[in-house]
Amino acid sequence: MTRREKKCCICDKRITAQFWVCKDCEKQHGLADASSGKQKRPSEWPEWARDLYNQAQREYYRVHTKGEGAAFQYDDETGGLANADPLDEFDDSEG
């Protein structure tokens with residue numbers, strides 16, 4: 001299973017896998033403690049940032065624990081895979 005790169009949940013910039021927000025967004029949106037510089041807990045973030053964090057976390061774990069990736073789409077209504085055959089979009093034509 002290939003793993004996707006981790007991206008900032010606010011601006012989509014590539015980041016280190018242990019984080020959810022890049023340093024620029026952390027500073028710009030006040031998501032870090034001013035005195036220590038350490039990232040605040042998401043529960044201390046503004047609601048809009050928590051929503052983006054929660055959405056990114058759900059997607060990240062869905063991809064990494066259920067093996068879904070670019071060839072798979074999760075169907076929230078049925079709770080399963082919308083495209084169970086990853087070869088549906090495969091183009092084996094030459095040229």
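This is a predicted model: local features need pLDDT of at least 70, side-chain atom pairs count only at pLDDT 80 or more; totals for chains, interfaces and linings use all residues.

User: What makes Lys13 and Asp24 a salt bridge?

Analyst: The cut-off is a Lys or Arg side-chain nitrogen within 4 Å of a carboxyl oxygen of Asp or Glu. For the side chains of Lys13 and Asp24, the N to O distance is 2.4 Å, and they meet in a salt bridge. Lys13 sits in the segment before H1 and Asp24 in helix H1, so this pair ties together parts 11 residues apart in sequence. Lys13 is partly exposed because its relative accessibility is 35%.

User: How many salt bridges are there by this rule?

Analyst: The count is three salt bridges. One of them joins Glu26 and Lys23, whose closest N and O atoms are 3.4 Å apart. Another joins Arg62 and Glu59, with 3.8 Å between the closest N and O atoms.

User: Where do Glu26 and Lys23 lie relative to each other?

Analyst: Glu26 and Lys23 are three residues apart in helix H1, so about one helical turn separates them. Arg62 and Glu59 are likewise three residues apart, in helix H2, and about one helical turn separates these two.

User: Is Glu26 buried or exposed?

Analyst: Buried: its relative accessible area is 4%, and the cut-off for that label is under 20%.

User: Why is Arg62 given the label it has?

Analyst: Arg62 has a relative accessible area of 21%, so it is partly exposed. Glu59, at 33%, is partly exposed as well.

User: Now to Lys6. How do you know that Lys6 has no salt bridge?

Analyst: The nearest side chain of opposite charge, Glu26, is 12 Å away from Lys6, whereas a salt bridge requires the atoms to be within 4 Å. Lys6 is thus left without one, although it is buried.

User: Which backbone atom lies 2.9 Å from a polar atom of the Lys6 side chain?

Analyst: That is the backbone oxygen of Phe19. Lys6 itself is in the segment before helix H1, which spans 23–28. Leaving aside residues up to four places away in sequence, Lys6 touches several residues, among them Lys13, Phe19, Trp20 and Tyr60.

User: Trp20 and Tyr60 bring us to the rings. How many aromatic pairs does the rule give?

Analyst: It gives five aromatic pairs. In one of them, the rings of Trp20 and Tyr60 have centres 5.4 Å apart and planes at 80°, so the pair is edge-to-face. The cut-offs behind that are centres within 6.5 Å and planes over 60 degrees apart. Trp20 is in the segment before H1 and Tyr60 in helix H2 (residues 47–66), so the pair ties together parts 40 residues apart in sequence.

User: What makes Trp20 buried and Tyr60 partly exposed?

Analyst: Trp20 has 11% relative accessibility, so it counts as buried. Tyr60 has a relative accessible area of 21% and is therefore partly exposed; the buried label needs a value under 20%.

User: Why is the pair of Trp20 and Tyr61 called tilted?

Analyst: The ring centres of Trp20 and Tyr61 are 6.2 Å apart and their planes are at 55°, so the pair is tilted. Stacked would need under 30 degrees and edge-to-face over 60. With Trp20 in the segment before H1 and Tyr61 in helix H2, the pair ties together parts 41 residues apart in sequence. Tyr61 counts as partly exposed because its relative accessibility is 42%.

User: Which residues do ring pairs link into a cluster?

Analyst: The cluster consists of Trp20, Trp45, Tyr53, Tyr60 and Tyr61.

User: And what elements does the chain have?

Analyst: The chain has two helices and two strands, and from the N terminus on they run α-α-β-β. Of the 95 residues in the chain, 20% are buried.

Conventions. Residues are numbered from 1 along each chain as its sequence is written. Side-chain values use heavy atoms; hydrogens and water are left out. Helices (H or I, at least four residues) and strands (E, at least two) are DSSP runs, numbered from the N terminus. Buried means under 20% relative accessible area, exposed over 50%, partly exposed in between (1.4 Å probe, protein chains only). Lys and Arg count as positive and Asp and Glu as negative; His and the chain ends are not counted. A polar contact is a pair of N or O atoms within 3.5 Å; within protein, one must be able to donate a hydrogen and the other to accept it, and residues adjacent in sequence count only if both atoms are side-chain atoms. Contact means heavy atoms within 4.5 Å. Rings of Phe, Tyr and Trp (its six-membered ring) pair if their centres lie within 6.5 Å; planes under 30 degrees apart count as stacked, over 60 as edge-to-face and the rest as tilted.
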